[in-house]
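Welcome! Have a look at the structure, then read on.

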Amino acid sequence: MTDEMKILILFAHPAFHKSIINRALLDAVRGLENVTINELYENYPDFFIDVEKEKKLLQEHDVIVWHHPFYWYSAPAIIKEWMDLVLQHGFAYGRNGFALQGKWAMSAVSTGGRQEVYTATGANHFSVNQFLAPFNQSATLCRMRYLPPFVTHGAHTITQAEIERQAAHYRELITGLRDGKYTEKDFENIEYSNHLTLTNA
Ligand SMILES: Cc1cc2nc3c(=O)[nH]c(=O)nc-3n(C[C@H](O)[C@H](O)[C@H](O)COP(=O)(O)O)c2cc1C
């Protein structure tokens, strides 16, 4: 990737007025140069997604972040609608679909469940990375490099101090991506992108 990257955050929270975690995370990256926040529920309250506008946004950015709370082990519905409509054959994938080739993609998710329930022996049986397989493979089909997710666990028990720490790490990750601080190698063999900022903090 180039030294300076443009980041597109596709944000979806259907009850943003009640959000604590994602509000803090989003506020931490608001107003950053070369970081575009696209609030899908706010922009498309009726779900009529402006496909051409979204395709243009994708083309103008280097890193695409799907940022949302975990809903039913996946994303809120508008993210799926966005994928269904915007990631078109001949644009995003297929024999003539190269628009996203070489870009990076990442999920930034918050979960109600703590990390220990997202294990083979835990209540949710699968890891967050396993649940995110459709995002991983969709990005791969679109010739993008899917990075490990940025995850905030334990929404119901997390403290305000931990939320603020997470928000600071999210800001560090997004600015690091923007400033070309990371290479693809940095993301190898790590479960969550959180680890990159936590170890450097
Ligand atoms: C409809 C719905 C579905 C949810 N599904 C999950 C889930 O599958 N796994 C999980 O860990 N938490 C689940 N949660 C909890 C949310 O992920 C959690 O409330 C959210 O991440 C908190 O972020 P916020 O403070 O920004 O709202 C769900 C919540 C709602 C309302």
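## Terms and ground rules

Buried means under 20% relative accessible area, exposed means over 50%, and partly exposed is in between, using a 1.4 Å probe and protein chains only. The model is predicted, with local features needing pLDDT of at least 70 and side-chain atom pairs counting only at pLDDT 80 or more, while totals for chains, interfaces and linings use all residues. Residues are numbered from 1 along each chain as its sequence is written, and side-chain values use heavy atoms, with hydrogens and water left out.

## The annotated domain

The UniProt record, an unreviewed entry, places the feature "domain: Flavodoxin-like fold" at residues 5-172. UniProt positions follow the numbering used here, feature names are shortened, and such annotations may be inferred rather than shown by experiment. Over residues 5-172 the chain is 35% helix and 17% strand, and the end C-alpha atoms lie 14 Å apart. Helices (H or I, at least four residues) and strands (E, at least two) are DSSP runs, numbered from the N terminus.

Let's start with Ile78, which sits in helix 4 (residues 77-86). With a relative accessible area of 0%, Ile78 is buried. Leaving aside neighbours within four places in sequence, Ile78 is in contact (heavy atoms within 4.5 Å) with Ala12, Leu40, Tyr41, Tyr44, Phe47 and Ile49. Its C-alpha atom is separated by 9.7 Å from that of Phe11, 67 residues apart along the chain.

Ser107 belongs to strand 4 and counts as buried, at 0% relative accessibility. Which side chain makes a polar contact with the side chain of Ser107? The partner is Tyr146, at 2.6 Å. A polar contact is a pair of N or O atoms within 3.5 Å; within protein, one must be able to donate a hydrogen and the other to accept it, and residues adjacent in sequence count only if both atoms are side-chain atoms. Beyond four places in sequence, Tyr146 is also on the contact list of Ser107, together with Trp66, Leu132, Phe135, Pro149 and Phe150.

## The loop between strand 1 and helix 1

The loop between strand 1 (7-11) and helix 1 (21-29) holds Ser19, and His13 is found in that loop too. His13 is buried, with a relative accessible area of 12%, and Ser19 is buried at 8%. The side chain of His13 reaches two backbone nitrogens: that of Ala15 at 3.1 Å and that of Phe16 at 3.5 Å. Leaving aside neighbours within four places in sequence, His13 is in contact with Ser19, Asn22, Tyr41, Pro69 and Tyr71.

## Two positive phi angles

Most residues other than glycine have a negative phi. His125 has a positive phi of about 65 degrees although it is not a glycine. This residue lies in the loop between strand 4 (104-110) and helix 5 (128-131). Is His125 buried or partly exposed? At 48% relative accessibility, His125 counts as partly exposed.

Arg143 also has a positive phi of about 65 degrees without being a glycine. Its place is the loop between helix 6 (133-141) and strand 5 (145-146), and at 29% relative accessibility Arg143 counts as partly exposed.

## Pockets

On a 1 Å grid over the protein atoms alone, a pocket is an open set of points where a 1.4 Å probe fits, with protein on both sides within 12 Å along at least five of seven lines; lining residues have an atom within 4 Å of a point. Grid points are joined across faces, edges and corners, and a volume is the space filled by probe spheres set on the points. The largest pocket has a volume of about 390 Å³. Its lining is made of 20 residues, with Ser110, Thr111, Gly112, Ala155 and His156 nearest the centre. That lining divides into 11 nonpolar, eight polar and one charged. Here Ala, Val, Leu, Ile, Met, Phe, Trp, Tyr, Cys and Pro count as nonpolar, Asp, Glu, Lys and Arg as charged, and the others, Gly among them, as polar.

The second largest pocket holds about 320 Å³ of space. Of the 16 residues that line this second pocket, Val151, Thr152, His153, Arg165 and Gln166 are the closest to its centre. Strand 6 (150-152), helix 7 (160-178) and helix 8 (194-200) each supply at least two residues of this lining, which divides into four nonpolar, eight polar and four charged.
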